[in-house]
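Trainee: I am new to this structure. Please show me how to read its features.

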Amino acid sequence: MSNILRLVIACVVLGAGVTLCGFGFWGWGILVFLIGGLILTTYFINEKMIMAQFYLRKENTVKAEAWLMKITDYEKELNKNQHGYYNLLLGLNESRKAPLKAEKYFKKALSLGMKMSHNIALAKLSLAGIAMAKRNKREAQMYLQEATKADTNKLLAEQIKMLKNQMAQMDKQQVIRGGFRQQF
């Protein structure tokens, strides 16, 4: 259902609730008004995104992907503020299957914008991990510094520290001509 249609339905239901209260049917008016408020809430917070996030937290990627795939056209179904979060969820889900293919979703999420700083830090931290997997140390360091700046609440401090340690290990290893790794 498109977002504009949700908004129209919410306004009609809220108007019906106010009308019922105006005619003296307070019980029904309040009930219909609450239902209209619930419909209006789905305009700002999409239920499919909530279910996908719930299943990602439970580490059930199959069901999370199923809920994300129910959103056929995210530009019409989601509020403009949710576009970045949709791509972030797609990237997190894809990173569990094929980490290098998730890069485009994280970059698109950052370009569309997200309001919460810890989500920006999560996207940049994931991009740093992908850059490290590609052996692009400079890009990984850049994303890691940006993730550290964006993580104002220190929710990802442990993961950032772990990635810095892995980057230090990457510095200690060098690949010589024969393809063998030599540690110093």
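Trainee: Does Lys 134 count as buried, partly exposed or exposed?

Mentor: Buried means under 20% relative accessible area, exposed over 50%, and partly exposed in between (1.4 Å probe, protein chains only). Lys 134 has 45% relative accessibility, so it counts as partly exposed. A word on the source: this is a predicted model, where local features need pLDDT of at least 70, side-chain atom pairs count only at pLDDT 80 or more, and totals for chains, interfaces and linings use all residues. Residues are numbered from 1 along each chain as its sequence is written, and side-chain values use heavy atoms, leaving out hydrogens and water.

Trainee: Which residue forms a salt bridge with Lys 134?

Mentor: A salt bridge puts a side-chain nitrogen of Lys or Arg within 4 Å of a carboxyl oxygen of Asp or Glu. Lys 134 pairs with Glu 103, the closest N and O atoms being 2.5 Å apart. Lys 134 lies in the loop between α8 and α9 and Glu 103 in helix α7, so the pair ties together parts 31 residues apart in sequence. Helices are DSSP runs (H or I, at least four residues), numbered from the N terminus. Glu 103 also forms a salt bridge with Lys 107.

Trainee: Which residues of helix α7 are buried?

Mentor: They are Glu 103, Phe 106 and Ala 109. Seen down the axis of α7, they fall within an arc of 130°, so they line one face of the helix. The arc is taken from the directions from the helix axis to the C-beta atoms. On the other side, Lys 104 and Ser 111 are exposed.

Note on methods. Helices (H or I, at least four residues) and strands (E, at least two) are DSSP runs, numbered from the N terminus.
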